[in-house]
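The sequence and the structure are shown below.

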Amino acid sequence: MISDLRTKLERYESKAAHCMKAAQEARDEAGKAFYEELARYYDELAADFRRVLAKRTGASLAAE
């Protein structure tokens, strides 16, 4: 379960980084805005997964 969450976290972090790079390379403002918004979306998803992982790993450590 934890490894699945970490995999998804890494995927969303990677997508956010890819979108930020695409935003920097965009040739027009509309493209840049699109990729920046998409990067924010993926970054927020990654943050959500970080919080869940922190709770899960903290809970599993407390149970030991």
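## Contacts and core

In this predicted model, A46 touches L9, Y12 and E13 once its neighbours within four places in sequence are left aside. A46, L9 and Y12 also belong to the largest nonpolar core, a set of 11 residues. In soluble globular proteins, nonpolar side chains tend to be buried together.

The chain holds 2 helices and 0 strands; their extents are as follows.

## Overall form

The C-alpha trace spans about 55 × 15 × 10 Å along its principal axes. The radius of gyration is 15 Å, whereas a compact globule of 64 residues would have one near 11 Å. Among the contacts in the chain with a separation of 6 or more, 67% join residues 24 or more positions apart.

## Surface and charge

What share of the 64 residues counts as buried? The share is 22%. The chain exposes about 4,900 Å², of which carbon and sulfur atoms supply 52%. There are 12 positive and 12 negative side chains, and the centres of these two sets lie 3 Å apart.

How values were computed
Residues are numbered from 1 along each chain as its sequence is written. This is a predicted model: local features need pLDDT of at least 70, side-chain atom pairs count only at pLDDT 80 or more; totals for chains, interfaces and linings use all residues. Side-chain values use heavy atoms; hydrogens and water are left out. Helices (H or I, at least four residues) and strands (E, at least two) are DSSP runs, numbered from the N terminus. The radius of gyration is taken over C-alpha atoms; the globule rule is 2.2 Å times the number of residues to the power 0.38. Buried means under 20% relative accessible area, exposed over 50%, partly exposed in between (1.4 Å probe, protein chains only). Contact means heavy atoms within 4.5 Å. Accessible areas come from the Shrake-Rupley method with a 1.4 Å probe; for residues, only the protein chains shown count as cover. Lys and Arg count as positive and Asp and Glu as negative; His and the chain ends are not counted. The place of a charge is taken as NZ of Lys, CZ of Arg, CG of Asp or CD of Glu. A nonpolar core is a set of buried Ala, Val, Leu, Ile, Met, Phe, Trp, Tyr and Cys residues joined through side-chain atoms within 4.5 Å.
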